[in-house]
Amino acid sequence: MTSRRDAKSLVPKQKSHNVAEVTDPRTEKTRALISGAFVALLRRRPYARIHVSDITRKAGVGRATFYAHFESKDALLYAELIRVVNPMLGELPGDACLVDCTQLFAHLQQAPEIYRALMAGTTRVVTERIIQDALEARIASIVALSSAQTDAAVPTRTFVPRFVAGTILALIAWSLEQADAPAPVELQGTYRALVGRALQGGAQA
């Protein structure tokens, strides 16, 4: 079985881009083509069965162009999570549960095939680690800005992002397994009860 440390070592890093490159309209257009092709493929087949050649063919770009922007398919997935998914986690200043996940829950219920494509097949341990790390990055930034967590007894900068991200992932997986999935606001209520109570208790310990 792949350990957390082994899986984490597989999490990709994007190629760095300077400001001029990121704001270049041609660069933005190319990345949009690659992104659109990737999402379209995820709606049709498991992540494990998608190859860089499939993405480039659908996007109408060459492999060299793809690799000029992303080191790998995994790096593309991480970039998409940071770009699209993480902004859906809203900050809740002063609230023990830290994050409003309602928009994220709603998004995944509208496109459950994408999440299932990521969680199916032999690459699940890798994709789950990539999703977890992307969520942790966003949550860590929220924790860093949250004065409410400053005096918490738990090691906030490491444990809290991992705990919150893991809870979000568990709720997403559970909700998509239900024949009648709870509404996003109900899922947020469950999340609030689980995370808010735990972190509030940690802060008071």
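I placed Thr-30 in helix α3, residues 25-42. Helices here are DSSP runs of H or I, at least four residues, numbered from the N terminus. This is a predicted model: local features need pLDDT of at least 70, side-chain atom pairs count only at pLDDT 80 or more, and totals for chains, interfaces and linings use all residues. Residues are numbered from 1 along each chain as its sequence is written, and side-chain values use heavy atoms, with hydrogens and water left out.

Is Thr-30 buried or exposed? I noted it as buried, because its relative accessibility is 16% (buried is under 20% relative accessible area, exposed over 50%, partly exposed in between; 1.4 Å probe, protein chains only). Beyond four places in sequence, Thr-30 contacts Val-61, Thr-65 and His-69 (contact: heavy atoms within 4.5 Å).

Next I looked up Thr-102, in helix α7, residues 102-110. Its contacts beyond four places in sequence are Pro-184, Val-185 and Gln-188.

Then I read the confidence, pLDDT (the predictor's confidence in each residue, from 0 to 100). The chain mean is 84, and 80% of residues reach 70 or more. Helix α1, residues 4-9, is lowest at a mean of 46; helix α4, residues 52-59, is highest at 97. Over residues 1-10 pLDDT is below 50, and I noted 11 contacts for this stretch beyond near neighbours in sequence. Residues 16-21 also stay under 50, with 6 contacts beyond four places in sequence.

Technical notes: Helix = DSSP H or I, 4+ residues; strand = E, 2+ residues; numbered from the N terminus.
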